[in-house]
Amino acid sequence: MSAPIVIHQPSPTGGRRVTIRGQIAGLAHDDQDVVEFLRRAGLPDAERLLDQPEWVEWRGGRAHTYAAA
């Protein structure tokens, strides 16, 4: 089973698309954006989830890096 939260590869203009259970949550430009998307989805302790692979899958780039590809 894959992680319910996916942080996709950085876009050419910067930022990373975030999906939660297959639904687009938004474009994150830093970890705080991701935390806010997760909070809105009902995960109030989201900052602790970012480095847990059973919760978050970082695709196509280094974790916590949002600069343009």
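Visitor: What makes a set of 16 residues in this chain the largest nonpolar core, and which of them touch the most other members?

Guide: A nonpolar core is a set of buried Ala, Val, Leu, Ile, Met, Phe, Trp, Tyr and Cys residues joined through side-chain atoms within 4.5 Å. The largest such set here has 16 residues, and those touching the most other members are I5, I7, V18, A28, V34 and L38. At least two core residues come from each of β1 (5-10), β2 (16-20), α1 (31-40) and β4 (56-58), and α1 gives the largest share, four residues. The model is a predicted one, in which local features need pLDDT of at least 70 and side-chain atom pairs count only at pLDDT 80 or more, while totals for chains, interfaces and linings use all residues. Residues are numbered from 1 along each chain as its sequence is written, and side-chain values use heavy atoms, with hydrogens and water left out.

Visitor: How do you know which residues I5 touches?

Guide: A contact means heavy atoms within 4.5 Å. Leaving aside residues up to four places away in sequence, I5 touches V18, T19, I20, L38, L43, W55, V56 and E57.

Visitor: What are the elements of the chain, and how are they defined?

Guide: Helices (H or I, at least four residues) and strands (E, at least two) are DSSP runs, numbered from the N terminus. The chain has one helix and four strands, which run β-β-β-α-β from the N terminus on.

Visitor: Why is the chain called as compact as a globular protein of that length?

Guide: The radius of gyration is taken over C-alpha atoms, and the globule rule is 2.2 Å times the number of residues to the power 0.38. For 69 residues the rule gives 11 Å, and the radius of gyration of the chain is 11 Å, close to that value, so the chain is as compact as a globular protein of that length.

Conventions. Buried < 20%, exposed > 50% of the residue type's maximum accessible area, 1.4 Å probe, protein only.
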